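Okay, thanks for coming, everyone.

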Amino acid sequence: SMLADGEFDIRTDEAGIEVWVTQMGAYMNMNTAWIDRENGIVAITDPFDSDRWVEALEQQGLRPTHLLYTHTHRDHTAGFARMLELVPEVEVWGHSESINESLLARVVFGRISLTHQWSHESNSTVEWSAGGISLAVTHSPGHAPGHCTLHGHGVYHAGDLLFTAGSGRVDLPGSDPAAQTASLLFARGLLRDLDSNWRLIPGHRYDWVDGSTPDWVTIGEALAHNYALNML
């Protein structure tokens, strides 16, 4: 079954880290949060509806502590200003190349400020950790400058590098088709090394190869059927 707008799928891994997944808004943006309840850590990717996130977390005695941005297109940064009103002390992470001034002036981008920046080279990976949460952050430009994917605790959050059956568009300001191809090749190798039963969470819930519209597919399913991963 598909998640309703703002409905959360909550799972806990063997290390006790919770993974919350939801879809929000007219573009069916997928958000993933990693939660270490014991240490009070809540790290959310690209929160779309910050009121909904904060409300749902408050019901569990939790509060956002970190925002992890895949990129700065305005549908992914939609919740930024409101989150800072609700949780002014939240840490904000993203890649340094995602906040280029010349890009942020373009209508497709949303203006955000980062408290912490990743600055690693394209198609390289750094570790991000807080409490018991440990994520691999891969710089995967092409769809947008400074685009990153994040994986750990049973999920690969693809942002707009990959959707379930395809990949992100490369015809927007700051897009780079050659960089996208390189990022997809690197991602394919990375995905082949992960557990095939992990979930691939796309940036948006779009149609799958059978005409359904799932919230996610397994990494194994994506490697077998995602056309962008199979035409390289």
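**The pocket, then the sheet**

So, the largest pocket: its lining is Tyr 27, His 73, Arg 74, Asp 75, Val 108, His 143, Asp 160, Phe 163, Arg 169, Leu 172, His 204 and Tyr 206. A pocket here is an open set of points on a 1 Å grid over the protein atoms alone, where a 1.4 Å probe fits, with protein on both sides within 12 Å along at least five of seven lines, and lining residues have an atom within 4 Å of a point. The space in there is about 340 Å³, taken as what probe spheres set on the points fill.

Quick caveats: this is a predicted model, where local features need pLDDT of at least 70, side-chain atom pairs count only at pLDDT 80 or more, and totals for chains, interfaces and linings use all residues. Numbering starts from 1 along each chain as its sequence is written, and side-chain values use heavy atoms, with hydrogens and water left out.

Now the sheet. Six strands make an open, mixed sheet, in the order β8-β9-β10-β11-β12-β13 (strands are DSSP E runs of at least two residues, numbered from the N terminus; pairing takes at least two bridges). β8 (125–130) and β13 (217–218) are at the edges with a single partner strand each, so one side of each has no neighbour in the sheet.

Last one: Asp 46 has a positive phi, near 45°, without being a glycine. Asp 46 sits in the loop between β4 (41–45) and α1 (50–58).

Terms used. Helices (H or I, at least four residues) and strands (E, at least two) are DSSP runs, numbered from the N terminus.
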